[in-house]
Amino acid sequence: VSIINDGVGVAGLFSTEAAPAITIEGADYISVLLRGLTIDGTASHTAAIAFIAKGSLTLQNCLVKNSGGLAAFTNASSSIQVLNSTFSNNAQAIAVHQSGNSQDTNPVKVVIDRTTITGTGVAGIRLKSDGSNPISFLVSNSVVSSNGTGIYLEGVEGVVRTTAITQNYIGIMSLSGR
């Protein structure tokens with residue numbers, strides 16, 4: 001499934017307190033590409049994008065603002081990529097939570113590259129694994145600035161490189177690392 005703005009005008013969506021702008025949910029493997037979208041939560045704390053599935057989600061060249069950002073919940077091997085996007089003034093920008101037990105032992109892979117995250121109340125990036133599958137992550141070439149916690153990590157393993165983490169209340173918080 002792909003939702004793509006080819007660059008002519010603004011392809012805008014709105015989320016509300018009642019529902020995300022985009023919800024991706026399913027039991028079977030699914031692959032989703034969201035490119036060139038502007039998602040405005042109009043000051044809601046609800047996730048703008050909810051990914052409750054196993055599979056692949058790529059968010060590219062998007063602006064997500066005034067919402068609960070991207071919330072991904074998975075218990076099987078999945079790939080979450082956020083590329084060349086901006087998250088501004090969200091309650092939480094990017095949250096990936098792996099929970100439960102799956103017979104699939106491949107890690108959940110998270111890549112955040114060339115992305116700007118600013119003005120987030122709770123955490124700019126929040127990655128948490130409390131299930132049988134680990135989360136493996138790479139944050140690179142990005143800016144994480146003026147957030148409550150810049151990057152929150154719990155039970156995950158990965159790399160942060162060439163990323164500016166500035167003016168956050170807490171820069172990086174890591175709990176129970178693998």
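Which residue in β9 stands opposite Phe-51? In this predicted model, the residue opposite Phe-51 is Ala-72 in β9, and the two strands concerned, β6 (residues 49-52) and β9 (residues 70-74), run parallel and are joined by 4 bridges. The chain that holds them has 21 strands and 0 helices, and 49% of its 178 residues are buried. Among contacts between residues at least 6 apart in sequence, 62% join residues at least 24 apart.

**The open sheet of 7 strands**

- The strands of an open sheet follow the order β3-β6-β9-β12-β15-β18-β21, and the pairing within this sheet of 7 strands is parallel.
- At the edges of the sheet stand β3 (22-25) and β21 (170-175), and because each has a single partner strand, one side of each is left without a neighbour in the sheet.
- From one strand to the next, the twist averages 5 degrees.

**Further parallel pairs**

- Strand β7 (residues 55-60) runs parallel to strand β10 (residues 79-83), with 5 bridges joining the two, and in this pair Ser-56 stands opposite Ser-79 of β10.
- Strand β10 also pairs in the parallel sense with strand β13 (residues 108-113), again over 5 bridges, and here Val-82 has Ile-112 in β13 as its bridge partner.

**The nonpolar core**

- The largest nonpolar core has 35 residues, and the members that touch the most other members are Ile-49, Phe-87, Ile-94, Val-96 and Val-110.
- When residues up to four places away in sequence are not counted, Val-96 touches Ala-72, Ile-80, Val-108, Val-110, Arg-126, Leu-127, Lys-128 and Ile-135.

**His-97 and its surroundings**

- His-97 lies in strand β12 (residues 94-98), and its relative accessibility of 19% is the reason that it counts as buried, since the cut-off for a buried residue is under 20%.
- The side chain of His-97 makes a polar contact of 3.2 Å with the side chain of Asp-130.
- With neighbours within four places in sequence left aside, His-97 is in contact with Ala-72, Phe-73, Thr-74, Lys-128 and Asp-130.

**Asn-5 in a loop**

- Asn-5 is placed in the loop between β1 (2-4) and β2 (11-14), and with a relative accessible area of 14% this loop residue is buried.
- The side chain of Asn-5 reaches the backbone oxygen of Gly-36 at 3.1 Å.

**The salt bridge**

- The count of salt bridges comes to 1, and this salt bridge is formed by the side chains of Arg-114 and Asp-113, at 2.3 Å from N to O.
- In general, side chains of opposite charge can pair when their charged atoms come close.

Methods
Residues numbered from 1 in each chain as written. Predicted model: local features only at pLDDT ≥ 70, side-chain atom pairs only at ≥ 80, totals over all residues. Heavy atoms only, no water. Salt bridge = Lys/Arg side-chain N within 4 Å of Asp/Glu carboxyl O. Buried < 20%, exposed > 50% of the residue type's maximum accessible area, 1.4 Å probe, protein only. Polar contact = N/O pair within 3.5 Å; in protein donor to acceptor, adjacent residues only side chain to side chain. Pairing = 2+ DSSP bridges. Axes fitted to C-alpha atoms, helices over the stretch in contact; angles between N-to-C directions. Core = buried A, V, L, I, M, F, W, Y, C linked by side-chain atoms within 4.5 Å. Contact = heavy atoms within 4.5 Å.
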